[in-house]
Amino acid sequence: MRNQNFIDRDKLYGMLDNNAPSESQLNDILNKARKLKGLNLEDVAKLLCVENEADIQKILDTAEYCKDEIYGRRLVLFAPIYTGNACVNNCVYCGFRRDNKALKRKILTLDEIETETLHLLRMGHKRALLICGESPRNDANYMVEAIRRCYAAKDEKGSTIRRINVELAPMSVEDYAKLKAERIGTYVCFQETYDPIEYAKFHPAGTPKADYLYRLTCMDRAQEGGINDVGIGVLFGLVDYRFEILALMEHARHLEEDYGCGPHTVSFPRIEPAEGTPFSLPENIPHPVSDKDFMKIIAIIRIAMPYTGIIISTRERPEMRDKLVKYGVSQISAASETNPGGYDEEGDNTAAKPYEKTGTTGAQFTLGDHRSLDEVISMMIDGGYIPSFCTGCYRKGRVGADFMDLAKPGLIKEFCKPNAMFTFREYLEDYASPETKAKGLELLKKLTQTFSKEELKKRVEGNLCKIGEGERDLYF
Ligand code: SF4
């Protein structure tokens with residue numbers, strides 16, 4: 001284990017002096033960002049102090065430029081599967097906390113995990129995030145079986161989940177190695193807050209999660225267990241968001257310096273009221289982040305870490321999600337349920353109900369976006385975005401430092417755009433409503449004309465044609 005505590009609380013708070021950059025300083029930072037090589041901690045601290053509307057718009061415009069240069073119009077879609085809501089912790093903001101006695105606890109059986117997976121597949125999803133509370137009932141051995149059952153599920157069209165990411169409590173190096181052996185994609189764990197003093201208030205003593213340092217070093221143990229594809233994040237709303245952004249930068253720097261590769265993704269959950277918690281009312285949230293500030297910080301991370309994926313969930317309302325996608329978000333969850341067995345409750349009524357309703361929603365937090373996958377995709381098409389279910393890089397071994405080596409010179413566009421189009425075509429053929437299919441095919445036709453290299457254009461057209469004729473799972 002290397003550097004144990006890479007967060008210097010006093011230094012980070014000390015950098016937030018509320019002095020916005022001068023016009024020339026701001027322009028210098030934004031011009032540097034346009035070179036797509038990222039920003040340093042000092043640059044980011046200055047941007048975080050920008051409050052003036054016109055200057056914030058300059059940051060947003062720069063983020064839009066960077067997003068477009070690197071990611072184009074692609075947007076990756078996934079959905080979570082909550083495998084359990086039992087939890088030994090008592091985090092004050094979470095509906096799964098152990099003091100929430102109104103919540104009926106549930107750990108899905110393997111058959112129920114298969115049922116949930118089938119619901120996702122029948123919507124058209126190809127990427128799943130397995131997630132649960134922290135409990136000995138869903139330890140690493142349980143997760144190994146859960147991953148296997150999720151990968152094994154196949155719907156009537158022969159579709160399977162092609163990439164499983166996991167969001168799990170910190171564990172030992174040995175347990176990380178077990179997950180790695182099951183072909184997981186990204187291992188995700190949020191620090192919740194990087195402020196060690198405030199952390200103690202939100203995570204009561206006597207619970208495993210009270211150990212700030214054990215959580216802070218989880219990605220180091222994941223690396224030692226062989227997992228080099230990791231996702232970090234904080235729960236915005238617990239402390240000053242500006243501190244959290246600087247701390248995220250420091251975490252990314254630590255991973256890059258010590259393991260040769262920064263985080264694959266950064267997630268941006270904002271606290272939402274959760275039933276059965278002290279934060280069940282919006283006015284109880286300690287440091288709410290306004291929509292304006294939320295857009296600003298996503299834009300800042302986009303230009304500071306241009307090659308890192310940015311994820312938002314269905315916590316956010318549709319109008320907000322559509323704006324955030326423009327300024328930096330590259331992955332979104334869609335049509336999510338955040339209680340174990342939730343898809344089966346909402347889905348077709350032919351399968352047995354695995355979970356008795358309790359009068360509470362049983363969800364970890366309140367959802368802001370209730371649209372179906374088809375509705376989300378339809379709106380993405382209207383906005384000119386390419387919905388992507390692509391898992392090509394991960395399955396070709398382009399992960400961790402290899403992914404970054406490819407991404408940094410911009411070469412990833414050569415793979416990502418065609419692969420996104422192939423998975424989009426599959427979705428249109430197999431799962432889309434007739435209206436979505438019609439306009440999606442139109443979009444694909446236009447996109448095919450945007451390849452300047454004739455040979456690439458021909459290969460893309462060839463694969464799209466094969467998918468239309470029934471071939472599946474084609475990727476570069
Ligand atoms: S945030 Fe995670 S650890 Fe905390 S109570 Fe909720 S499920 Fe448990």
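**View 1. Helix α4 against helix α12.** For helices, an axis is a line fitted to the C-alpha atoms over the stretch in contact, and angles are taken between N-to-C directions. In this predicted model, helix α4 (residues 53-71) packs with helix α12 (residues 291-304) at an angle of about 45°, and their axes lie 8 Å apart. α4 is therefore oblique to α12. The two helices make a left-handed crossing. From α4, the contact takes in Ile56, Ile59, Leu60, Thr62, Ala63, Cys66 and Lys67, while α12 brings Met295, Lys296, Ala299, Ile300, Arg302 and Ile303. Sorted by class, this contact holds nine nonpolar residues, one polar and three charged.

**View 2. Helix α15 against helix α19.** Here, look for helix α15 (residues 373-382) and helix α19 (residues 434-448), whose axes cross at roughly 35° and come within 10 Å. This crossing of α15 and α19 is left-handed. Asp374, Ile377, Ser378 and Ile381 form the α15 side of the contact, meeting Thr436, Lys439, Gly440 and Leu443 of α19. Three of the contact residues are nonpolar, three are polar and two are charged.

**View 3. Around the ligand.** Now let us turn to the ligand and its neighbours. Surrounding the ligand are Cys87, Asn89, Cys91, Cys94, Phe96 and Arg97, together with Gly133, Glu134 and Lys209. This shell divides into four nonpolar, two polar and three charged residues.

**View 4. Confidence along the chain.** Before zooming in further, a word on confidence. The average pLDDT of the chain is 91, and 92% of the residues score at least 70. Over residues 348-361, though, pLDDT stays under 50, and the model has 24 contacts beyond four places in sequence for this stretch. Where pLDDT is low, predicted coordinates should not be read in detail.

Note on methods: Residues are numbered from 1 along each chain as its sequence is written. This is a predicted model: local features need pLDDT of at least 70, side-chain atom pairs count only at pLDDT 80 or more; totals for chains, interfaces and linings use all residues. A residue is near a molecule or strand if its C-beta atom, placed from the backbone, lies within 6 Å of it. Ala, Val, Leu, Ile, Met, Phe, Trp, Tyr, Cys and Pro count as nonpolar, Asp, Glu, Lys and Arg as charged, and the others, Gly among them, as polar. pLDDT is the predictor's confidence in each residue, from 0 to 100. Two residues are in contact if their C-beta atoms, placed from the backbone, lie within 7 Å. Axes are lines fitted to C-alpha atoms, for helices over the stretch in contact, and angles run from 0 to 180 degrees between N-to-C directions. Helices (H or I, at least four residues) and strands (E, at least two) are DSSP runs, numbered from the N terminus. Angles under 35 degrees count as roughly parallel, over 145 as roughly antiparallel, 65 to 115 as roughly perpendicular and the rest as oblique. A crossing is left-handed if the near helix is turned anticlockwise from the far one by less than a right angle, and right-handed if clockwise.
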